[in-house]
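Please open the structure in a viewer and keep the sequence at hand.

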Amino acid sequence: GVEAEQHQTFINGLFKSWAEIDPKGMLDYLDALPQDDARQKRRVEAMGQFAKVDFDAAWAYFQNLPNSMLFSVSANYLLNQAREYRPERVLQIIQEAKFKNTVSSDNICRNIFNSLGKSDPSRAQSLASNLPVGKLKTSALISLVYTIYGNKNTVDARAWLNSLPMDSSV
């Protein structure tokens, strides 16, 4: 209910402030917690806030996590959080070969282009058209057609797709 939301807002604010002031201290604290579900939940919450302060440092921390299942869950959470404010960086990461089986690339890609297509369609179109040929580009283009043009404006959607350099993704 309302109390749980207020508590979560407080915790997120606490971790965000801590990440801004002393990220190393925050990470040391999280690493010292007992190995249980509460620690993992707090770590993910804290890192989500830390990523807003310094995405690259948060990402580097996650890459060093020993448990691959924890890494997978945390990486997906972190990348989905960052898609709003670092879409280019997130796309770069999900295209790296070593993360292809770790993160939900298609889902993250769709989320990026659904959000960006609503907030900044021109930027989204440019970003999608510059992706390398492949599954992610196809996913981005499909997301943008639905987000920007919907089912009603097929003429404009087709015109935009036809304006792109032809490759197997288009």
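**A tour of aromatic residues**

Begin with helix α1 (residues 2-21) and select Phe15 and Trp18, which are three residues apart in this helix and therefore separated by about one helical turn. The model in view is a predicted one. In an α-helix, residues three or four places apart point the same way, because there are 3.6 residues a turn.

Colour the two residues by accessibility. Phe15 has a relative accessible area of 4% and is buried, whereas Trp18, at 25% relative accessibility, counts as partly exposed.

Tyr29 is partly exposed, with a relative accessible area of 39%.

Now display Phe15, Trp18 and Tyr29 together: ring pairs link these residues into a cluster. How many aromatic pairs does the count come to? The count comes to four aromatic pairs. One of them is that of Phe15 and Trp18, which is stacked because the ring centres lie 6.3 Å apart and the planes are at 5°.

Finally, move to helix α4 (residues 55-63) and select its buried residues, Phe55, Ala58, Trp59, Tyr61 and Phe62. These residues lie on the same side of α4, because they cover an arc of only 160° around the axis.

How values were computed. Residues are numbered from 1 along each chain as its sequence is written. This is a predicted model: local features need pLDDT of at least 70, side-chain atom pairs count only at pLDDT 80 or more; totals for chains, interfaces and linings use all residues. Side-chain values use heavy atoms; hydrogens and water are left out. Buried means under 20% relative accessible area, exposed over 50%, partly exposed in between (1.4 Å probe, protein chains only). Helices (H or I, at least four residues) and strands (E, at least two) are DSSP runs, numbered from the N terminus. The arc is that of the directions from the helix axis to the C-beta atoms. Rings of Phe, Tyr and Trp (its six-membered ring) pair if their centres lie within 6.5 Å; planes under 30 degrees apart count as stacked, over 60 as edge-to-face and the rest as tilted.
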